[in-house]
Amino acid sequence: MKIDLHNHSYYSDGVLSPVELIRLAKEQRCDVFALTDHDTTDGLTEAKVEANKLGIKFIPGVEVSAMWSNMTIHILGLNIDIENEALQAGLKQHQEFRAIRALKMARGLGGAGVVGAMEKTQAVAKQGMITRTHFAQMLIQEGVCKDMKSVFKRFLTGKKPGGVGGQWAQFDEVIEWIHVAGGKAVLAHPLRYRMTNTKVKRMMSDLAANGCDGVEVVTGSSNTDEIALISQWAIELDLLASSGSDYHGWPNQRVRIGRLQDMPNSNKAVWNYW
């Protein structure tokens, strides 16, 4: 089976609509597919309708920002009830912070000489939510930076002109939101954070001790050594394993839906529990 449990539509920082995403997943022969937009479930209903039409098993999801040890991490909620009031109340808090953060980022970029940063970024975003990815794509389109890596290095992290610290819920609270909504909580792309491997394992251990169900063992950018490492840690910590491309659809990103390496047979897969 071809399974991809981490994807984004234009309701957060992806390019395609939920319907377009499902159709692309069908073209790529995905059997099981999750839409996991950042801090919103707005696209899930239309995605589910299209998935049912095309015979794809659809997993409603969300990618929730969270704080761990004063750092921002991302936790996927998979197979959630989108009507759950506690989850939606938490997501609303994050959406409100995202709106405030966007204004601060635009102000900071303006001070660095980027004229009309908010208006130009709003033109890049197709829906209401404006994310750091939208600002990054705007700076690339404007020719200010050549790629995503240079954007974040020069503008969007720490004390750089567009850097704004996260004000997200703590990781244990986010895990609770996901659980009360009936979902599985899965740590997203564990090796993408700016941490040593020792700290990554400590983070995974803390999350596991606080009820996190799983971890993404396979991502769209994982190499063989990374998969083996996270696979082993997942086994040691009794975490379920997940697989997701983190597809966004921007032309300067190489990740593709469903193009994922195989999950090690030694892991317990999260999709076996649905």
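Biologist: How many aromatic pairs does the count come to?

Modeller: The model is a predicted one, and in it the count comes to two aromatic pairs. A pair of aromatic rings is described by the distance of the centres and the angle of the planes. For Y10 and Y11 the ring centres are 5.4 Å apart and the planes stand at 65 degrees, so this pair is edge-to-face. Both Y10 and Y11 are buried.

Biologist: What are the distance and the angle for the rings of F97 and W168?

Modeller: Their centres are 4.8 Å apart and their planes are at 90 degrees, so F97 and W168 also form an edge-to-face pair. This pair links distant parts of the chain, since F97 belongs to helix α3 (residues 85-111) and W168 to the loop between α6 (148-156) and α7 (171-180), 71 residues apart. F97 is buried, with a relative accessible area of 6%. W168 is buried as well, at 8%.

Biologist: Let us turn to the sheet. What is the order of its strands?

Modeller: The sheet is open and has seven strands, in the order β1-β2-β3-β4-β5-β6-β7, with mixed pairing. Its edge strands are β1 (3-4) and β7, each of which pairs on one side only. Two bridges connect β1 with β2 in the parallel sense, and I3 has V32 in β2 as its bridge partner.

Biologist: Is strand β6 mostly covered or mostly open to solvent, and how many of its residues are buried?

Modeller: In general, the side chains of a regular strand alternate between the two faces of the sheet. Strand β6 (residues 214-219) is mostly covered, with six of its six residues buried. β6 runs parallel to β5 (residues 184-187), to which two bridges join it, and V215 in β6 stands opposite L187.

Biologist: How many bridges join β6 to β7?

Modeller: Five bridges join β6 to β7, and these strands run parallel. V215 stands opposite A241 in β7. Here the chain crosses from β6 through α9 to β7, and this β-α-β crossover is right-handed.

Biologist: Where are D238 and D246 found, and what is the phi of each?

Modeller: D238 lies in the loop between α9 (224-236) and β7 (240-244). Its phi is near 55 degrees, a positive value in a residue other than glycine. D246 is placed in the segment after β7, and D246 has a positive phi of about 60 degrees although it is not a glycine.

Biologist: Is D238 buried or exposed, and is D246 buried or exposed?

Modeller: D238 counts as exposed because its relative accessibility is 54%, and the cut-off for that class is over 50%. D246 is buried, with a relative accessible area of 8%. K92, located in helix α3, counts as partly exposed at 48% relative accessibility.

Biologist: How far apart are K92 and C212 in sequence and in space?

Modeller: K92 and C212 are 120 residues apart in sequence, and their C-alpha to C-alpha distance is 22 Å.

Biologist: To conclude, how many residues has the largest nonpolar core, and which of them have the most contacts inside it?

Modeller: The largest nonpolar core has 87 residues, and those with the most contacts inside it are I73, I75, F135, M203, L207 and V217. Leaving aside neighbours within four places in sequence, I75 is in contact with residues including V62, V64, F171, I178, V186 and L207.

Note on methods
Residues are numbered from 1 along each chain as its sequence is written. This is a predicted model: local features need pLDDT of at least 70, side-chain atom pairs count only at pLDDT 80 or more; totals for chains, interfaces and linings use all residues. Side-chain values use heavy atoms; hydrogens and water are left out. Helices (H or I, at least four residues) and strands (E, at least two) are DSSP runs, numbered from the N terminus. Buried means under 20% relative accessible area, exposed over 50%, partly exposed in between (1.4 Å probe, protein chains only). Rings of Phe, Tyr and Trp (its six-membered ring) pair if their centres lie within 6.5 Å; planes under 30 degrees apart count as stacked, over 60 as edge-to-face and the rest as tilted. Two strands pair if DSSP finds at least two bridges between them. A crossover is right-handed if, with the strands pointing away from the viewer, the path from the first strand over the helix to the second runs clockwise. A nonpolar core is a set of buried Ala, Val, Leu, Ile, Met, Phe, Trp, Tyr and Cys residues joined through side-chain atoms within 4.5 Å. Contact means heavy atoms within 4.5 Å.
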